[in-house]
Amino acid sequence: MAPDPLSLPAIHASHVGIWIADASGRVQRVGRGEAIAAVAATPHVLLGATLTGDRLGYPELSGLDLLELFAFLFPARFAVPTPAGIAAAMGIAPPRTQRALAVRAPARMGGSRPAPAAAPSDGQSRRCDRSARPAHR
């Protein structure tokens, strides 16, 4: 029987450091060796398996990749493949610190699906939408 995905630990590896959050939400900063041992022993929730594996120096990394989940659930929706980009695409506030990323990843799994972001109320298009339009029609 597979474990409940919400009870799995989460890992976040960036250029600043590596953090692992357990199922209870306790976060600890770990070294590369400890992180590799942890992900080899238990599947982890993560954002971007390829990049996380590269940062750990462990290309065989596998786990529950939230980028893959997002692409599966919303195949036609663009999102920048970063924590802030996925948060913006989902209509949620991005985590403010690197440490908070490890805590929020499992907390968002299995949550309710957010409503799409509302259009600007002043009738103005967003700057990125306007720049994405072709110059000729």
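Mentor: Let us begin with Phe72, which is found in helix α3, the helix of residues 66-73. Helices (H or I, at least four residues) and strands (E, at least two) are DSSP runs, numbered from the N terminus. Before going on, please note that this is a predicted model, in which local features need pLDDT of at least 70 and side-chain atom pairs count only at pLDDT 80 or more, while totals for chains, interfaces and linings use all residues. Residues are numbered from 1 along each chain as its sequence is written, and side-chain values use heavy atoms, with hydrogens and water left out.

Trainee: Is Phe72 buried or exposed?

Mentor: The general idea is a scale of relative accessible area, on which buried means under 20%, exposed over 50% and partly exposed in between (1.4 Å probe, protein chains only). Phe72 counts as exposed because its relative accessibility is 68%. Leu69, also found in helix α3, counts as partly exposed, since its value is 35%.

Trainee: Which residues make the nonpolar surface patch?

Mentor: Patches are made of residues with over 30% relative accessible area and no salt bridge, where like charges are joined within 9 Å and nonpolar side chains (Val, Leu, Ile, Met, Phe, Trp, Tyr) within 5 Å. Here Leu69, Phe72 and Leu73 make a nonpolar patch of about 330 Å², with accessible areas taken from the Shrake-Rupley method with a 1.4 Å probe, and for residues only the protein chains shown count as cover. Leu69 also gives an example of distance along the chain and in space, being 22 residues from Leu47 in sequence and 9.6 Å from Leu47, C-alpha to C-alpha.

Trainee: Which residues make up the largest nonpolar core?

Mentor: A nonpolar core is a set of buried Ala, Val, Leu, Ile, Met, Phe, Trp, Tyr and Cys residues joined through side-chain atoms within 4.5 Å. The largest one has 11 residues in all, among them Ile11, Ile20, Val39, Leu46 and Leu61. At least two residues of this core are supplied by each of β1 (10-13), β2 (18-21), α1 (32-41) and α2 (49-56). There is also a second, separate core of 6 residues, including Phe70, Phe74, Ala79 and Ile86.

Trainee: How many aromatic pairs does a search of the whole structure find?

Mentor: A pair of aromatic rings is described by the distance of the centres and the angle of the planes. Rings of Phe, Tyr and Trp (its six-membered ring) pair if their centres lie within 6.5 Å, and planes under 30 degrees apart count as stacked, over 60 as edge-to-face and the rest as tilted. The search finds 1 aromatic pair, formed by Phe70 and Phe74, which is tilted, at 5.2 Å centre to centre with 45 degrees between the planes. Phe70 is buried, because its relative accessible area is 8%, and Phe74 counts as buried too, at 10%.

Trainee: Which residues of helix α4 are buried?

Mentor: In helix α4 (residues 83-90), the buried residues are Gly85, Ile86, Ala87, Ala89 and Met90, and the buried residues of α4 pack against α3.

Trainee: With which residue does Arg26 form a salt bridge?

Mentor: Side chains of opposite charge can pair when their charged atoms come close. A salt bridge is a side-chain nitrogen of Lys or Arg within 4 Å of a carboxyl oxygen of Asp or Glu, and by this rule the count comes to 1. The partner of Arg26 is Asp22, with the closest N and O atoms 3.1 Å apart. Arg26 counts as exposed, because its relative accessibility is 53%, whereas Asp22 counts as partly exposed at 24%.

Trainee: How many helices and strands are there in the protein chain?

Mentor: The protein chain has 6 helices and 5 strands, and of its 137 residues, 29% count as buried.

Terms used: Contact = heavy atoms within 4.5 Å.
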